[in-house]
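Let's walk through this structure together, one region at a time. Keep the sequence and the 3D view open as you read.

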Amino acid sequence: MKSYTLSELLTVVQLALRGAFPNSYWVRAEISSISAKPSSHCYLELAESEQAADQPFARKSNNAQPQFKAKIKANCWRSTWQQVSLTFERAVGMPLKVGMQVLAEVTVDFHPVYGLSLTIQDIDPSYSLGALAQQKEMTLQRLANEVVIDMQKSLRIPLLPQRLAVISASTAAGYEDFQNQLLHNAAGYAFRTTLFAATMQGDTAAASIISALDAIYSREQEFDAVVIIRGGGATTDLSAFDNYDLAFYCANFPLPIIAGIGHTRDVSVVDRVSFFSVKTPTAAAEYFIQRIAEQDEMLQLLSERLRQTAAFTRTLAAKLDQQQMRIRLLLQQRLQQRKHDLDIAEKTIELHSPERIFRMGYSLTTSGGRIIRHAEELQTGQRITTILGSGKVDSIVE
């Protein structure tokens, strides 16, 4: 049996692999590690997880430990890496990072010392864009299936939301813009903001924001709403806001969350699950200013209506006073007229009263309670009574 030195055997393997894989090949894989410096080579480890290869970003939690069924080292040399990384970042909006699914054009290489590896010739940004979109869609679908995606929309924000918990990097330009816009508003509306500092980009951003939300939750009664703002940083570090854990936490948070993450190209998952979403921190500040302005305008309108009602009431009261005076005068006139009429009636009655007639010398004769008007009505011996102005006389007819 022929024997080989190790180098000879590995050289045979090297030549065999070159013959078996003479061309470049497009490979779908996940970046499990990456090490790259500007103007230098890039060293990666590509892997295929236990999930189907056509389900990029299928892992549901950052805490889950991936299970791989294939792994291999990969290199992208300086001359290629500078062009590939620049093209990818411009197209996708973020740099290549761990956990990202890529479609890479590679050649198969074997070195007697460094072993088997792949050399990256190109990376297709469109595949990773599709992977990002698919992952976002999967996250949104999961939140919908768990019936939490619209929970924030059912909350009520106070009519005057002035006590705000702000989650932002303390040195972020977006936070400064938010504060300036909010606290120096032209109308002079008063707000109280409390900063809960958090990392707003990078691999630790999601966990940092969740930690800030936990701190706010412990002081829930002190605030009317939560503002998550990010501005002034690179647009390539927005992936944290598509994180399932962060989105789930935001969706279930008991206070209304206003998201002003500071990007205009796309809507993140956190934007979707928040109570309200705007494009920039400045717009987030304007949202609160506008809500106060609407209530201020309503109060001004009610104040004007109240003033008009008061003026109308005063006018009506004056008219009622005038009408009351007219009624009083009319009643007095009618009473005087009735008194005059009664006086006349009294005098008329007095003029025609029997007493007055009797006082004038007239008399009234009766017999058996019947008034005697004619002498022919009487008979001899009949008893009669004569009523005079003073007293009466009984007589017998002869």
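The largest nonpolar core has 33 residues, where a nonpolar core is a set of buried Ala, Val, Leu, Ile, Met, Phe, Trp, Tyr and Cys residues joined through side-chain atoms within 4.5 Å. Buried here means under 20% relative accessible area, with exposed over 50% and partly exposed in between, using a 1.4 Å probe and protein chains only. Helix H5 (205-217) is among the elements that each supply at least two residues of this core, and H5 gives the most, with six residues. Helices (H or I, at least four residues) and strands (E, at least two) are DSSP runs, numbered from the N terminus.

Before going further, please note that this is a predicted model, in which local features need pLDDT of at least 70 and side-chain atom pairs count only at pLDDT 80 or more, while totals for chains, interfaces and linings use all residues. Residues are numbered from 1 along each chain as its sequence is written, and side-chain values use heavy atoms, with hydrogens and water left out.

Which residues have the most contacts inside the largest core? They are Ile167 and Val226. Isoleucine 167 touches Val226 itself, and its other partners include Phe196, Met200, Ile209 and Leu213, not counting residues up to four places away in sequence; contact means heavy atoms within 4.5 Å. A second, separate core of 22 residues includes Val102, Val108, Ile120 and Leu132.

Now turn to the barrel, which five strands close in the order S1-S2-S3-S5-S4, with mixed pairing. From one strand to the next, the twist averages 55°. Two strands pair if DSSP finds at least two bridges between them; S1 (residues 25-36) and S4 (residues 101-111) pair in the antiparallel sense over six bridges. Arginine 28 stands opposite leucine 103 in S4.

Helices lie against these strands too. Helix H1 (residues 6-20) lies across S1, S4 and S5 (115-123), running at about 135° to S4. Angles run from 0 to 180 degrees between N-to-C directions, and axes are lines fitted to C-alpha atoms, for helices over the stretch in contact.

Finally, find serine 367 in strand S11 (residues 364-367). Is serine 367 buried or exposed? Serine 367 is buried, with a relative accessible area of 9%. Its side chain makes a polar contact with the side chain of glutamine 382 (2.7 Å). A polar contact is a pair of N or O atoms within 3.5 Å; within protein, one must be able to donate a hydrogen and the other to accept it, and residues adjacent in sequence count only if both atoms are side-chain atoms.
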